[in-house]
Amino acid sequence: MQSDGQTDDQLFAGVQSAVAGNGSTDDVQHTVRIRNVRKAFGSFRVLDGLNIDFADDAITTILGPSGTGKSVLLKHVVGLLEPDSGQVLVFDQDIWSASERERQELRKRFGVLFQDGALFGSMNVYDNVAFPLRKHTDMRETKIRELVMGRLEEVGLSAAATKMPGEISGGMKKRAGFARALVVNPKVVLFDEPDSGLDPVRTSLLNDLILKIHQEHRGTYVLVTHDIQTARKVSDHIGVIWKGKLVQYGSTEEVFNSPDPFVRQFLAGKSAGPLGMD
Ligand SMILES: Nc1ncnc2c1ncn2[C@@H]1O[C@H](COP(=O)(O)OP(=O)(O)OP(=O)(O)O)[C@@H](O)[C@H]1O
Ligand SMILES: [Mg+2]
């Protein structure tokens with residue numbers, strides 16, 4: 001692939017050198033730190049020495065082309081995938097130096113809304129949201145009811161508590177998934193394309209909801225999206241991943257004003273530029 005006489009590798013090297021840092025500053029805490037993580041599936045390398053720290057009490061969005069390893073990154077953060085090398089540090093603990101039991105304890109402190117993670121089809125909305133509490137705690141049902149109904153109210157689903165997932169719209173399912181991710185009061189919340197399949201108005205409403213809930217509860221939010229408007233609206237920081245590395249990291253304003261040809265092409269959704277179909 002060539003652009004303006006530069007080879008792909010030259011362009012990539014240029015992009016790499018333009019990365020100012022990984023978001024670590026002395027005055028910001030980072031509950032989740034990814035250090036030089038490499039991951040391959042067979043001979044196919046997905047993460048190639050990825051470094052990124054996610055700032056506490058902020059929403060960090062990960063952008064990047066399809067198949068570039070965004071979902072794989074999130075699975076590393078929650079300890080569902082083990083890096084070939086490098087470290088995933090969560091709450092100051094290297095999750096792969098921890099025991100399986102400790103890892104399970106750490107996982108309970110995450111709220112996760114996965115791209116392919118649907119609601120349990122055989123449970124109504126209420127039971128879906130109650131599930132993590134019933135599974136991970138010995139809380140009494142009266143307390144569970146209070147928490148679940150509180151979360152459902154926050155996401156505007158109080159009236160749909162007894163509905164089955166098959167009876168509600170895509171947007172309502174996303175909100176129910178959000179309520180389920182939040183019910184354990186997690187310090188870290190990961191969203192993998194929460195807006196996929198939603199119309200622009202529902203996407204915008206979901207973004208408002210993410211912002212409102214983040215303002216109320218705070219926490220380290222990491223969001224993967226393909227929707228540039230979502231990234232612009234909700235993010236404090238944006239990281240752009242390409243070819244297994246972080247090629248851009250900065251405040252939302254910095255990234256949207258980036259002079260980098262790859263980032264500009266990606267954000268503008270243009271077909272001409274360094275990024276092709278391969
Ligand atoms: N468990 C796995 N085994 C083998 N290959 C995998 C596995 N998980 C992911 N991959 C491969 O790793 C690459 C990155 O996948 P990933 O799902 O992270 O992409 P993505 O950036 O989330 O893409 P999209 O934007 O389309 O969701 C893909 O080529 C995918 O096929
Ligand atoms: Mg993905």
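This is a predicted model: local features need pLDDT of at least 70, side-chain atom pairs count only at pLDDT 80 or more; totals for chains, interfaces and linings use all residues.
Author: Residues are numbered from 1 along each chain as its sequence is written, and side-chain values use heavy atoms, with hydrogens and water left out.

Reader: Why is Asn 128 called buried?

Author: Buried means under 20% relative accessible area, exposed means over 50%, and partly exposed lies in between, judged with a 1.4 Å probe on protein chains only. Asn 128 has a relative accessible area of 0%, and is therefore buried. This residue is placed in helix α4, where helices are DSSP runs of H or I with at least four residues, strands are runs of E with at least two, and both are numbered from the N terminus. Leaving aside residues up to four places away in sequence, Asn 128 touches Leu 119, Phe 120, Met 123, Pro 165 and Arg 180, a contact being heavy atoms within 4.5 Å.

Reader: What makes Asp 57 partly exposed?

Author: Its relative accessible area is 37%, so Asp 57 counts as partly exposed. Asp 57 belongs to the loop between β4 (44–55) and β5 (59–63), and its phi is near 55°, a positive value in a residue other than glycine. Most residues other than glycine have a negative phi.

Reader: How do you know that β3 and β4 pair?

Author: Two strands pair if DSSP finds at least two bridges between them, and strand β3 (residues 30–41) is joined to β4 over 9 bridges in the antiparallel sense, so the two strands pair. Within this pairing, Arg 38 stands opposite Asp 48 in β4.

Reader: Why do β4 and β7 stand at the edges of the sheet?

Author: The open sheet holds 4 strands in the order β4-β3-β6-β7, with antiparallel pairing. β4 and β7 each have a single partner strand, so one side of each is left without a neighbour in the sheet.

Reader: What makes 12 residues of the lining of the largest pocket nonpolar?

Author: Ala, Val, Leu, Ile, Met, Phe, Trp, Tyr, Cys and Pro count as nonpolar, Asp, Glu, Lys and Arg as charged, and the others, Gly among them, as polar. On that division the lining has 12 nonpolar, 4 polar and 4 charged residues.

Conventions
Chains are lettered from A and ligands numbered from 1 in the order in which they are written.
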